[in-house]
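Hi there,

Here is the structure I promised to pass on to you. Have a look at it first, and then read my notes below with the picture open beside them.

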Amino acid sequence: MTERTSREVEYRIARLRERLAGDDVAELGVRIELRGDTVLLTGALPTAGRRDEILTLAREELDGLVVRTDLTTPSAEAPDQWERLP
């Protein structure tokens, strides 16, 4: 990746961060990192719907880039079965 291209990608990432922090979304728990030629999104979100909303914004801002996600939606509900340990 050239310096110019890297700066453009960083600018696009910064725009996504601003959109995530804005009033419409207000999601500050998502980390966005540039790792080589790949953009990585990580974090825990309250609902699957919120995750879908974040992914839509990421597709809009980062179109044409390789994007990997590890966005989880932890559940506060009790498990429906016992955990089996070896």
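In this predicted model, 3 strands form an open sheet in the order β1-β2-β3, and their pairing is mixed. The strands at the edges are β1 and β3 (66–72), each of which pairs on one side only. From one strand to the next, the twist averages 15°. As a reminder, strands of a sheet pair through backbone hydrogen bonds, either parallel or antiparallel.

Let's start with the hairpin. Strand β1 covers residues 31–35 and strand β2 covers residues 38–44, and the two pair in the antiparallel sense over 5 bridges. You can follow the pairing residue by residue: Leu34 stands opposite Val39 in β2, and the bridge partner of Ile32 in that strand is Leu41. The hairpin has 2 residues between its strands, and Gly36 takes a positive phi near 65°.

Now for the inside. Which residues have the most contacts inside the largest nonpolar core? That core has 15 residues, and the ones with the most contacts within it are Leu20, Val30, Ile32, Leu41 and Ile54. The elements giving two or more residues to the core are α1 (3–21), β2 and α2 (48–61). Of these, α1 gives the most, with 4 residues.

Helix α2 lies across β2 and β3, and it runs at about 165° to β3.

One last stop is Glu61, which lies in helix α2. Is Glu61 buried or exposed? Its relative accessible area is 7%, so it counts as buried, the cut-off being under 20%. Which residues does Glu61 touch, not counting those up to four places away in sequence? They are Arg12, Arg15, Leu16 and Arg19. With one of them, Arg15, the side chain of Glu61 makes a polar contact to the side chain, at 3.0 Å.

Happy exploring!

Note on methods
Residues are numbered from 1 along each chain as its sequence is written. This is a predicted model: local features need pLDDT of at least 70, side-chain atom pairs count only at pLDDT 80 or more; totals for chains, interfaces and linings use all residues. Side-chain values use heavy atoms; hydrogens and water are left out. Two strands pair if DSSP finds at least two bridges between them. A nonpolar core is a set of buried Ala, Val, Leu, Ile, Met, Phe, Trp, Tyr and Cys residues joined through side-chain atoms within 4.5 Å. Buried means under 20% relative accessible area, exposed over 50%, partly exposed in between (1.4 Å probe, protein chains only). Axes are lines fitted to C-alpha atoms, for helices over the stretch in contact, and angles run from 0 to 180 degrees between N-to-C directions. Contact means heavy atoms within 4.5 Å. A polar contact is a pair of N or O atoms within 3.5 Å; within protein, one must be able to donate a hydrogen and the other to accept it, and residues adjacent in sequence count only if both atoms are side-chain atoms.
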